[in-house]
Amino acid sequence: MTNKILVTYASRFGSTAGVAEAVGKTLTEAGFPVEVLPMDKVTDLTSYSAVVAGSAINGGIWLPQAMDFLRTNQAALSSKPFAAFLVCMTLSMRNAEQYRPHVATWLQPVRNLVKPVSEGLFAGALDIKRIPSASDRFKFRLSVLFGAWKEGDHRDWDAIHRWAQSLPPLLSK
């Protein structure tokens, strides 16, 4: 095992991938060797000293491939420092801070499998043109029309960077 950190993610439309890349860049700038990979490209965790895993949220839950990754690798993940993050549009809504405690509960299934040393909760981005399903595009358009959220990139890069900067001492244990 090296001191390499894996930052892995499951993303629907690219927002979570962008957050993972930003986390990886911040950890690299802190002097750590980092590999950033989609969860479906991770085949073995033995070469990593720590793992940061994130998922987009769909219907209040981590994506199925993310939960499959955690279940498949539960033993390996439990034996090394593990941090988790989620990316969701709920945190882009007006008064998002009031939703933060509820959004944090969406990590409970993750906590039930592997205890994170740190958790990051981040708003996502909405580009309706990138959504492949016509029915999903329609639902998102209705949500925008009724003011649930707005299209655009709502990721708070400063908050993502600060969270990633807090990780090195937690992932070095």
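Which residues does Leu-77 touch, not counting residues up to four places away in sequence? Leu-77 touches Leu-45, Val-51, Phe-69, Leu-70, Phe-82 and Val-114. Contact here means heavy atoms within 4.5 Å.

This is a predicted model, in which local features need pLDDT of at least 70 and side-chain atom pairs count only at pLDDT 80 or more, while totals for chains, interfaces and linings use all residues. Residues are numbered from 1 along each chain as its sequence is written, and side-chain values use heavy atoms, with hydrogens and water left out.

Start inside. In soluble globular proteins, nonpolar side chains tend to be buried together. A nonpolar core is a set of buried Ala, Val, Leu, Ile, Met, Phe, Trp, Tyr and Cys residues joined through side-chain atoms within 4.5 Å. Buried means under 20% relative accessible area, exposed means over 50%, and partly exposed falls in between (1.4 Å probe, protein chains only). The largest nonpolar core has 32 residues. Leu-45, Trp-62, Leu-70, Leu-77, Phe-82, Leu-86 and Val-110 touch the most other members. Several elements give two or more residues to this core, including strand 1 (5–10), strand 3 (50–58), helix 2 (64–72) and strand 5 (82–88). Helices (H or I, at least four residues) and strands (E, at least two) are DSSP runs, numbered from the N terminus. A second, separate core holds 21 residues, among them Ile-5, Ala-50, Val-87 and Phe-122.

Next, Arg-155. It sits in the loop between strand 8 (152–153) and helix 7 (157–166). Arg-155 counts as buried because its relative accessibility is 16%. Its side chain makes a polar contact with the side chain of Asp-153 (2.7 Å). A polar contact is a pair of N or O atoms within 3.5 Å; within protein, one must be able to donate a hydrogen and the other to accept it, and residues adjacent in sequence count only if both atoms are side-chain atoms. Leaving aside neighbours within four places in sequence, Arg-155 is in contact with Gly-14, Ser-15, Gly-18, Val-19, Ala-123, Gly-124, Ala-125 and Ile-160.

Now the charged pairs. Side chains of opposite charge can pair when their charged atoms come close. A salt bridge is a side-chain nitrogen of Lys or Arg within 4 Å of a carboxyl oxygen of Asp or Glu. The structure holds six of them. One joins the side chains of Glu-35 and Lys-4 (3.7 Å, N to O). This pair links distant parts of the chain, 31 residues apart: Glu-35 is in strand 2 (residues 34–38), and Lys-4 is in the segment before strand 1. Glu-35 is partly exposed at 26% relative accessible area, and Lys-4 is partly exposed at 25%.

Asp-68 and Arg-71 form another salt bridge, their closest N and O atoms being 2.9 Å apart. Both lie in helix 2, three residues apart, about one turn of the helix. Asp-68 is partly exposed at 40%, and Arg-71 is partly exposed at 47%. The side chains of Arg-111 and Glu-119 also meet in a salt bridge (2.7 Å, N to O).

Finish with Lys-41. It is found in the loop between strand 2 and strand 3. Why does Lys-41 count as exposed? Lys-41 is exposed because its relative accessible area is 56%. The C-alpha atoms of Lys-41 and Tyr-9 are separated by 9.8 Å, with the two residues 32 residues apart along the chain.
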